[in-house]
Amino acid sequence: MQNFTFYAPTYFVFGKDTEKQAGSMVKQFGGTKVLIHYGGGSVVRSGLLDRVKASLEAEGISYTELGGVKPNPRSGLVYEGIKLCKEEKVDFILAVGGGSTIDSSKAIASGVVYDGDFWDFYCGKPIEKALPVGTILTIAAAGSEGSPDSVITREEDMMKRGASGNAIRPRFSILNPALTQTLPPYQTAAGITDIMAHLYERYLTNTEEVEVTDRLIEALLLTMKHEGPRVIEDPNNYEARANIMWAGMMAHNNSCGVGRSQDWNSHNIEHELSALYDCAHGAGLAVTMPAVFRYVMNHNVMRFAQVATRVWGCSMDFAHPEATALEGIAKMQAFFTSIGMPSDFAGIGAKEEDIPTLVENLCCGNGRDGTISGFVTLDKEDCTRIYKMMV
Ligand code: NZQ
Ligand code: ZN
């Protein structure tokens, strides 16, 4: 195991009706003037926004609001939010929604206290200072409610990139699984896929002897395998929603990733797809992961065989471990299909003729040096082959 530090100080409030504590939580973390940030309207339709406002009012906390965050959030609204926060002297940002709303909130939080362009943070500059952010999560997926990360798409060139820093870790996150019961099945399934991707990205490591985190990841993957179909079958299954929601947080706050090298190539390859075609990130991952895994599996075939036996119930073929590895990947892909996720380019509206653009943006965009690194370092030729496997 590698040396590591782990600092994840988000205060979680989990369970039914917990959104009513929004006002007291903001107060506890020092907020006096709040920006309520939200997406395309699901929180308005569900009545959640009104309940959150009532909770702030009950604590005497004033607020301003900015809706309109799109899935795969854009830079334009971030600039607007930064301007609004400065004008209104906002000192706390409350994200009410999914990963996109939370990421947009984190970007605004970092930009308000920075003299330069917030995009600098999305070119590799670590975020060291930001306004405090709190979240009320409405979809189990991205894990942004417990992560130090934010992913934004710059509109001029549709460059989708991530930024990171402990300063943007949410101070608190309110997780009420009942709020996720209004999700369309496709979004629920995309969330399940994303959570599983966050686990796989950590499982694919080049560090040896990481039994504790291997076993944690396997436990969470098994949970998703069990609860995913139950929630697709019955969207109102609170207990399944609850298990998925907490698994989503644990999959990405890095408790499963400490002390080990991680992959993230599937995410990098997918981000170009959701940037260009605006597909749901989880749907893009359902298409991307099987192709990437088949391409890189010989780098450490036993790692793929291990997850195949421990999670997907395959029997180990000791004479041909690659057959076990391939069977595990096929079972993972069949699982994604069974919950309604696509399996190829056509399923996310992607086009074969765009592959050179995708590869160029992926390997060279925003200052990259022609390769992406992770479990295996991939160059343009590798990435071209991987995208072709998805057609
Ligand atoms: O915008 P509204 O109207 O709220 O609708 C949303 C949106 O259309 C809808 N939705 C959310 N909660 C709902 C609901 N509809 C009905 N009822 C509810 N309770 O679902 C749609 C998707 O929402 P979004 O926030 O985009 O989903 P998600 O949480 O999957 O976030 C995706 C974004 O997170 C990034 C992705 O790349 C993508 O941009 N990621 C962020 C990460 C991080 N910050 O750590 C890590 C991830 O790997 C990921 O890259
Ligand atoms: Zn993800």
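In the predicted model, the side chains of Lys83 and Glu87 form a salt bridge with an N to O distance of 3.3 Å, a salt bridge being a side-chain nitrogen of Lys or Arg within 4 Å of a carboxyl oxygen of Asp or Glu. Both residues belong to helix 4 (residues 75-88), where Lys83 and Glu87 are four residues apart, about one turn of the helix. Helices (H or I, at least four residues) and strands (E, at least two) are DSSP runs numbered from the N terminus. By the salt-bridge rule the count is 17.

Residues are numbered from 1 along each chain as its sequence is written, and chains are lettered from A and ligands numbered from 1 in the order in which they are written. Because the model is predicted, local features need pLDDT of at least 70 and side-chain atom pairs count only at pLDDT 80 or more, while totals for chains, interfaces and linings use all residues; side-chain values use heavy atoms, with hydrogens and water left out.

The domain assignment, of automatic or database origin, divides the protein chain into domain 1 (11-179) and domain 2 (185-389). The contact (heavy atoms within 4.5 Å) takes 31 residues from domain 1 and 27 residues from domain 2. The C-alpha centres of the two domains are 26 Å apart. Between them, domain 1 and domain 2 bury about 2300 Å², of which 59% is on carbon and sulfur atoms; buried area is the accessible area (1.4 Å probe) that two parts lose on being put together, summed over both. Of the area that domain 1 buries against domain 2, 23% comes from Lys160, Arg161 and Pro177, more than from any other three residues.

Two salt bridges are counted between the domains. Arg161 forms a salt bridge with Glu272, with 3.0 Å between the closest N and O atoms. On the side of domain 1 that touches domain 2, strand 1 (11-14), strand 6 (149-154) and strand 7 (159-164) each supply at least two residues.

Strand 6 and strand 7 run antiparallel and are joined by six bridges, where pairing requires at least two DSSP bridges. Asp149 stands opposite Ser164 in strand 7. The hairpin of these strands has four residues between them, and Met158 there takes a positive phi near 50 degrees.
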